[in-house]
Amino acid sequence: MIPNPISVSFKLDDGREVSIETGKLARQADGAAVVRLGNCMLLATVVANSDPKPGQSFFPLTVDYQEKFASAGRIPGSFFKREGRLSDYEILISRLIDRALRPLFPDDYFCEVQVLVTMISSDPEVMPDALACLAASAALAVSDVPIQEIISEARVARINGQFKINPGRTELKDADMDFIIAATEKNIMMVEGESSECQEADVIKAIEIAHAAIRTQIQAQKELRDKKGVTGKREYKLPYNNPELETKIKDFGAKRMYDVAKAGLAKHERREALNKIYEEYAAMIGEGDQLEPQDVALIKTYFHDVEKKVVRDMMLNDRVRLDGRQLDQVRPLTMEIDPLPSPHGSALFTRGETQSLTTVTLGTSESELLIETAATSDYVKFILHYNFPPFSTGEVKPMRGPGRREVGHGNLAMRSLRKMMPKDDYPYTVRVVSDILESNGSSSMATVCAGSLALMDAGVPMPKHVSGVAMGLISGDDGKFAILTDILGDEDHLGDMDFKVTGTRDGICGIQMDIKVDGLSMDIMMQALEQARKGRLHILDAMYTCIPEARVEMKPHAPRIVQINIDREFIGAIIGPGGKIIQEIQRETGTTINIEEVNDRGEVKIFSANKENIDKALSWIKGIVAVPEVGTEYEGTVKSIVPFGAFIEFLPGKQGLLHISEVSWSRLDSLEGVMKEGDKVKIKLVGTDPKTGKLRLSRKALMPKPEGYVEPAPRERSERGGDRGDRPQRDRNDRGGDRGDRPQRDRNDRGERRDGGNRDNRGDRPQREQRPENTEASQPQQQPQQPDNNNDDADLAL
């Protein structure tokens with residue numbers, strides 16, 4: 001029997017209620033909780049091993065977020081019709097949880113922990129990423145897994161100038177700031193988001209508003225924990241330590257490590273010098289006292305601890321960094337556009353020992369990326385991929401595709417550059433690929449800079465450059481701190497904060513911050529933001545020197561897309577029966593054409609690498625949708641020759657009659673030798689026939705009238721022909737005069753004979769066989785019309 005679940009709830013600022021429940025689902029996990037907002041329900045579970053693995057020297061935390069398609073009443077679209085590996089969207093949410101939870105565990109806790117968050121019910125208006133960390137933290141709170149503090153996350157967005165906590169999906173589309181903040185009751189732990197060139201003060205205000213909402217969520221978790229009766233956390237086996245060995249290593253290596261750190265060496269030179277110190281101590285140990293196996297395993301750990309303290313003290317006290325720079329100094333910059341001849345756009349960006357080779361590829365709407373979640377299926381036209389091959393750090397590793405780090409770094413760069421991309425009416429699908437060729441810190445920010453340069457090199461109409469810089473923090477126990485601009489890899493590893501800021505000269509476009517220590521004040525954060533702004537502007541100045549604006553013309557080999565909008569009723573005319581017309585256009589012009597209906601209008605996109613082909617297809621389509629205008633000149637093709645003139649196709653699917661009298665100012669008896677089928681001829685639309693609506697064309701209207709030209713006198717009518725314009729129209733079945741007054745009679749009644757007799761009074765004439773009435777012979781025979789060169793008769797021929 002399932003016991004009654006335990007639940008608590010709290011309300012958001014707009015009155016929506018969020019509930020947290022435990023004790024009903026997943027009861028064999030160490031901790032489980034269900035968070036609900038609207039119809040969205042997230043199940044979070046946590047399980048931790050009792051003991052660490054032998055030799056374990058780091059904290060093995062695994063966090064996975066997954067959405068069940070059944071939660072939204074959908075079946076997955078994969079071949080196997082089931083959920084598979086995590087999508088990039090799910091990986092990004094998993095990283096949001098992981099980065100917030102990891103600092104909560106004790107430094108000496110090495111037991112394996114697995115946190116799983118699953119969306120079991122979906123609400124189309126609820127964004128689950130803002131609730132995932134709340135669910136995970138609640139599961140940890142009601143468990144005995146040792147965590148130091150309770151945490152939560154909240155989304156804060158600025159919509160129409162007002163900040164709102166956890167807005168709905170529809171509202172979020174109108175936001176110009178979108179941040180997710182994670183915090184404990186006292187400290188900010190993680191920030192990630194994007195904005196439309198907001199100011200540094202706006203970021204601080206958004207963080208403060210989110211932190212207030214997070215405190216409410218933390219109180220709810222504490223209430224749930226108390227209701228569950230959790231009074232303490234489990235005991236765990238502490239890792240083996242040898243304080244005496246640690247002291248010996250510190251005495252031996254501290255001064256040597258300080259000299260290496262102060263020398264300002266390059267990355268690999270510095271690492272080699274530190275390794276020599278380690279090897280020297282290992283050789284000394286081998287010649288002297290023999291260590292126990294567990295002590296040997298501790299040597300590297302203690303060496304790392306000593307190195308960390310030495311480097312941090314050097315930065316705090318000497319205000320000097322590992323490569324000799326000042327705290328706020330950016331490494332040397334080198335930039336180059338168009339280093340590769342074949343891509344549509346490319347750039348090489350180098351900052352110190354970090355280098356990104358970035359390419360841009362332009363494609364059609366057929367290349368759009370489908371991002372499918374349980375609640376949504378959206379196509380995106382801007383794609384950015386970040387690659388981090390092992391040679392970039394001088395290592396040998398198997399290539400297994402992009403990992404979570406690559407997905408996260410690429411997402412930050414994509415969100416930053418997306419703010420300056422053209423709006424939805426830009427017809428291209430754009431893919432940016434950043435290949436990191438060297439890495440010594442801040443490779444994601446190198447991707448932003450190289451991506452901006454490559455996009456402008458490709459001719460993508462970005463209004464401004466976007467750059468990025470990574471900031472670091474070193475804090476001491478005595479209140480000292482050092483904020484570092486453009487951090488190295490070792491400074492990131494040994495520091496207390498990794499704070500990446502991207503933006504233009506006018507404001508911030510993206511932020512990603514991870515804090516590893518408690519007690520980061522808003523004053524320190526504001527100072528870090530201001531220092532980041534100066535570094536960002538310094539890099540932007542160099543980028544504008546490299547390429548000040550986007551190319552006006554794309555490269556000759558880059559594909560062109562021309563987009564026109566048409567009335568929806570012309571969509572069928574362009575496609576044709578069974579796609580005949582559009583296939584013919586594509587075949588004859590060598591282009592690719594996409595047509596779709598958008599907002600009750602037809603949107604036609606013509607794609608080709610050859611501009612002449614695009615122009616040809618565009619002219620063809622414009623001809624199909626064009627409405628002929630009287631007085632307009634056209635170039636047409638002779639489709640057929642008839643005795644009274646020629647039929648000219650002057651727009652696709654539109655023909656008119658060029659009467660023989662309109663071919664030239666001279667009198668012509670025939671068109672033989674004047675024009676033939678397939679000839680191109682310039683004509684003018686002079687009108688339409690009022691009776692038939694046929695289009696009338698003229699060639700002589702475009703020719704100068706000969707000097708002394710006299711209009712020919714009208715020809716006299718012949719007995720059967722001539723000008724019949726004055727004759728009244730009559731029914732073609734009327735063979736005589738005006739029969740309108742003659743009474744109708746029954747066809748079986750022939751009336752009286754001429755001799756006054758009646759039908760039955762036929763004398764002695766023999767009866768003849770009656771023919772069937774409904775035969776062709778019984779019908780009156782029509783007389784053929786006599787053609788002449790008059791336009792009215794030509795219309796009858798049409």
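Student: How many bridges pair strand 7 with strand 9, and in which sense?

Tutor: Strand 7 and strand 9 (residues 175-183) pair in the antiparallel sense over 8 bridges. Two strands count as paired if DSSP finds at least two bridges between them, and strands are DSSP runs (E, at least two residues) numbered from the N terminus, as helices are (H or I, at least four). This is a predicted model, in which local features need pLDDT of at least 70 and side-chain atom pairs count only at pLDDT 80 or more, while totals for chains, interfaces and linings use all residues. Residues are numbered from 1 along each chain as its sequence is written, and side-chain values use heavy atoms, with hydrogens and water left out.

Student: What is the bridge partner of isoleucine 159 in strand 9?

Tutor: Isoleucine 159 has alanine 175 as its bridge partner there.

Student: And what joins strand 7 to strand 8?

Tutor: Strand 8 (residues 162-165) runs antiparallel to strand 7 and is joined to it by 4 bridges. Valine 156 stands opposite isoleucine 165 of strand 8. The hairpin of these two strands has 2 residues between them, and asparagine 160 takes a positive phi near 55°.

Student: Is strand 7 buried or exposed?

Tutor: Strand 7 (residues 152-159) has 8 of its 8 residues buried, so it is largely enclosed by the rest of the structure. Buried means under 20% relative accessible area, exposed over 50%, and partly exposed in between (1.4 Å probe, protein chains only).

Student: Which residues lie on each side?

Tutor: Ser152, Ala154, Val156 and Arg158 are on one side, with Glu153, Arg155, Ala157 and Ile159 on the other. In a regular strand, side chains alternate between the two faces of the sheet.

Student: Changing topic: how many disulfides are there?

Tutor: The search of the whole structure finds 0 disulfides, a disulfide being a pair of cysteine sulfur atoms within 2.5 Å.

Student: Where does proline 243 lie, then?

Tutor: Proline 243 lies in helix 5 (residues 243-262). Its relative accessibility is 57%, so proline 243 counts as exposed. Proline 243 and tyrosine 302 are 59 residues apart in sequence and 9.6 Å apart in space, C-alpha to C-alpha.
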